[in-house]
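Please look through the sequence and the 3D structure shown here, and keep both at hand while reading the report that follows.

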Amino acid sequence: MDISVIVPLYNEEESLPELYAWIERVMKANNFTFEVIFINDGSTDRSWEIIEELSKKSENVRGIKFRRNYGKSPALFCGFKQADGDVVITMDADLQDSPDEIPGLYKMIKTDGYDLVSGYKQKRYDPPSKTIPTKLFNSTARKISGIKNLHDFNCGLKAYRKAVVKNIEVYGEMHRYIPYLAKNAGFNKIGEKVVQHQPRKYGKSKFGLNRFFNGYLDLITLWFLSGFGRKPMHVFGFMGSIMFFIGFVAAFVIGADKLVSLAQGIPMRLITNTPYFYIALTMMIIGTQLFVAGFLGDLISRTSSNRNDYQIEEEIRCKK
């Protein structure tokens with residue numbers, strides 16, 4: 001199969017028929033073999049009913065229905081797991097991503113040899129409340145990730161070599177950093193394609209300022225995990241050892257100074273009456289706690305988690 005198109009969605013019943021018809025038209029015009037995987041992320045409208053109707057009309061439609069709303073990253077994780085195409089393309093369901101970009105994205109993966117191609121919406125139809133935070137976010141993401149050639153990390157329109165989606169784990173809200181995840185997994189040929197941004201035709205944006213702040217927290221988390229996720233003792237143990245050592249030396253100096261003063265008959269107040277004793281003691285305690293945190297982190301990192309265990313209520317598979 002040439003292409004798998006993954007479409008996460010939440011309450012997009014109005015746009016789904018038009019979106020699929022557009023995708024199908026582009027695929028047939030280019031003689032692509034394809035599948036479209038709709039992931040219904042706990043929609044409360046008729047989105048799933050629409051997907052079922054589309055599946056009855058076309059054997060290329062697949063669907064995954066979550067029991068509740070998990071978010072975009074879980075939807076992509078499940079879509080990636082099910083995708084069979086040599087090239088996997090993700091796009092939003094709100095018609096702001098143009099399916100006409102699919103042939104160009106496919107060519108960049110298959111012919112130009114890219115592992116991942118991210119869309120770049122130079123001209124956007126979003127309000128300033130969304131575009132300004134997005135620019136700040138992308139600037140920070142470029143510096144931390146080291147991927148200097150991407151202008152829009154969070155663009156929903158992306159193309160991947162199949163091996164990429166099968167070897168990365170998207171969880172929480174990490175969909176914003178899939179290029180960073182791919183880079184950490186060893187897929188270094190990451191490119192960008194200028195794509196058309198369509199004005200929203202139906203419904204309203206799900207963007208909120210909380211997503212902007214959560215994005216920065218996730219970026220810090222990913223930066224830390226990429227450097228120390230498999231070796232937490234290296235950072236916590238090092239910091240803890242340094243703090244404990246400084247605290248121990250400070251306590252020793254205070255004690256030695258007291259003993260010297262007593263030996264020379266010089267009156268001196270109790271060690272416990274000086275703030276330096278408590279500073280030294282606090283540093284030793286914090287240093288011990290950091291060391292223990294690193295040790296526990298190492299133990300936890302060796303165990304598997306169920307963070308990607310999502311409740312799927314129903315699935316629609318391609319007809320054979």
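## Salt bridges

Lys72 and Asp92 are joined by a salt bridge whose closest N and O atoms are 2.8 Å apart, where a salt bridge is a side-chain nitrogen of Lys or Arg within 4 Å of a carboxyl oxygen of Asp or Glu. This pair links distant parts of the chain, since Lys72 is in helix α3 and Asp92 is in the loop between β4 (87-90) and α4, 20 residues apart. Helices (H or I, at least four residues) and strands (E, at least two) are DSSP runs, numbered from the N terminus. This is a predicted model, in which local features need pLDDT of at least 70 and side-chain atom pairs count only at pLDDT 80 or more, while totals for chains, interfaces and linings use all residues. Residues are numbered from 1 along each chain as its sequence is written, and side-chain values use heavy atoms, with hydrogens and water left out.

By this rule the count comes to nine salt bridges. One of them joins Arg161 and Asp115, with the closest N and O atoms 3.4 Å apart. Arg161 lies in strand β6 (residues 158-161) and Asp115 in the loop between α4 and β5 (116-120), so the pair ties together parts that are 46 residues apart in sequence. Asp115 is buried, at a relative accessible area of 14%, whereas Arg161 is partly exposed at 26%; here buried means under 20% relative accessible area, exposed over 50%, and partly exposed in between (1.4 Å probe, protein chains only). Arg46 also forms a salt bridge with Glu53, the closest N and O atoms being 3.3 Å apart, and Glu35, Arg62 and Asp84 are linked in a network of salt bridges.

## Aromatic rings

How many aromatic pairs does a search of the whole structure find? The search finds six, a pair being rings of Phe, Tyr and Trp (its six-membered ring) with centres within 6.5 Å, called stacked if the planes are under 30 degrees apart, edge-to-face if over 60 and tilted for the rest. Phe32 and Tyr106 form a tilted pair, with 4.7 Å from centre to centre and 50 degrees between the planes. Because Phe32 lies in the loop between α1 (16-29) and β2 (34-40) and Tyr106 in helix α4 (residues 102-110), the pair ties together parts that are 74 residues apart in sequence. Phe32 is buried, at 14% relative accessibility, and Tyr106 is buried too, at 15%.

The rings of Phe244 and Phe248 are stacked, because their centres are 6.4 Å apart and their planes are at 10 degrees. Phe244 and Phe248 are four residues apart in helix α9 (residues 232-263), and are therefore separated by about one helical turn. Phe244 is partly exposed at 34%, and Phe248 is partly exposed at 43%.

## Cover and surface

Helix α3 (residues 72-82) is mostly covered, as nine of its 11 residues are buried, including Ser73, Pro74 and Phe77. Lys72, in contrast, counts as partly exposed, at 25% relative accessibility. Of the 320 residues of the chain, 47% count as buried.

The chain has 10 helices and eight strands. Among contacts (heavy atoms within 4.5 Å) between residues at least 6 apart in sequence, 81% join residues at least 24 apart.
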